[in-house]
Amino acid sequence: MKLLAVGTVAFDAIETPFGKTDKILGGAATYIGLAAAALDTDVSLVSVIGGDFPQEYLDMMTSKNINVDGVEMVKDGKTFFWSGKYHNDLNTRDTLVTELNVLADFDPKVPEHSSEAEVLLLGNLDPVVQLSVLEKMKTQPKLVILDTMNFWMDIAWDNLMKVIAKTDVITINDEEARQLSREYSLVKAAKKIHELGPKYVIIKKGEHGALLFHDGKIFAIPALPLEEVFDPTGAGDTFAGGFASYLTKKGDFSFESMKTAIIVGSAMASFTVEKFGTERIENVTKEELSARINQFKELTTFESAI
Ligand code: AMP
């Protein structure tokens with residue numbers, strides 16, 4: 001099966017308690033693509049960049065078999081830029097700058113070869129663009145996964161509601177789930193979000209793991225206790241990319257399959273946070289990934305008799 005992902009390809013400038021970067025490679029679609037590549041998934045990206053975007057970044061993606069035919073370059077435009085600063089707990093951050101630039105009037109093009117992809121991941125970006133990609137698919141994808149953030153809840157609520165209504169799985173963090181549902185309890189929040197459309201709701205809780213809700217059932221996983229957490233940027237996108245890739249390769253979208261998919265997504269994200277930007281996820285090996293997935297098993301398996 002094929003995975004098509006839409007999202008930002010960006011420049012990020014990041015500040016954490018451990019250091020600071022100038023403009024480096026970032027963007028939701030970038031992290032999704034790299035997570036998919038680490039699992040050898042047939043993945044294509046739809047995005048937009050400016051003439052200031054280095055060719056070497058595109059070459060790096062292509063060398064990993066990430067199809068970038070759908071990444072449009074606007075020669076006289078500037079690439080989307082985001083800057084953020086993390087608090088000492090690394091679980092919360094302030095956005096310092098969001099410059100939409102070429103994203104402001106982006107009309108996405110879905111290449112012919114991707115328009116029948118079975119899995120569509122609507123990565124974090126303007127809901128209008130997410131909707132437009134969905135409408136441009138030649139065949140209705142078997143699974144539509146949506147990732148979004150508070151920024152779009154603040155400025156594009158009505159369009160976000162439209163795209164949520166067409167989604168099978170939504171992944172958001174706890175704070176955003178509360179904002180979206182206006183409920184404090186995450187169990188109540190998930191129920192309200194189900195009513196908006198998605199049959200599967202994934203709530204990410206940073207270093208406290210993630211919850212999967214479906215049809216009255218809940219599956220919970222921890223986050224791996226890591227020695228090195230350096231920069232959480234992209235963890236959510238890597239998670240979504242790993243989750244979607246596992247399902248794309250498996251071709252089975254059941255609740256049971258999604259349980260494994262969120263473990264795979266979390267294992268992937270645990271690498272992203274170990275270094276600044278995309279550095280770690282660009283170099284992760286299959287062996288390292290398998291070892292982390294096993295760690296999840298050890299961390300959560302126990303005998304139930306008393
Ligand atoms: P995450 O840490 O997974 O939430 O995602 C971080 C990535 O999201 C960064 O690489 C940013 O370039 C990108 N990003 C930040 N704000 C936005 C936004 N409003 N829309 C789309 N992508 C964004």
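A residue is called buried when its relative accessible area is under 20%, exposed when it is over 50%, and partly exposed in between, as judged with a 1.4 Å probe on protein chains only. Phe243, with a relative accessibility of 0%, therefore counts as buried, and so does Phe239, at 4%.

The model considered here is predicted: local features need a pLDDT of at least 70 and side-chain atom pairs a pLDDT of 80 or more, whereas totals for chains, interfaces and linings use all residues. Residues are numbered from 1 along each chain as its sequence is written, and side-chain values use heavy atoms, with hydrogens and water left out.

A pair of aromatic rings is described by the distance of the centres and the angle of the planes. Rings of Phe, Tyr and Trp (its six-membered ring) pair if their centres lie within 6.5 Å; planes under 30 degrees apart count as stacked, over 60 as edge-to-face and the rest as tilted. The structure holds six such pairs. One of them joins Phe18 and Phe230, which are stacked at 5.6 Å centre to centre with 15° between the planes. Phe18 belongs to the loop between β2 and β3 and Phe230 to the loop between β14 and α8, so this pair ties together parts that are 212 residues apart in sequence. Phe18 is partly exposed at 48%, and Phe230 is partly exposed at 24%. Phe239 and Phe243 also form a stacked pair, because their ring centres are 6.3 Å apart and their planes lie at 10°. These two residues are four apart in helix α8, which means that about one helical turn separates them.

Helices and strands are DSSP runs numbered from the N terminus (helices: H or I, at least four residues; strands: E, at least two). How do helices α9 and α10 pack? Helix α9 (residues 255-272) and helix α10 (residues 286-300) have axes 9 Å apart, at an angle of about 120°. Axes are lines fitted to C-alpha atoms, for helices over the stretch in contact, and angles run from 0 to 180 degrees between N-to-C directions. The two helices are therefore oblique to each other, since angles under 35 degrees count as roughly parallel, over 145 as roughly antiparallel, 65 to 115 as roughly perpendicular and the rest as oblique. Residues in contact (heavy atoms within 4.5 Å) include Ile263 and Phe271 of α9 and Leu289 and Phe296 of α10.
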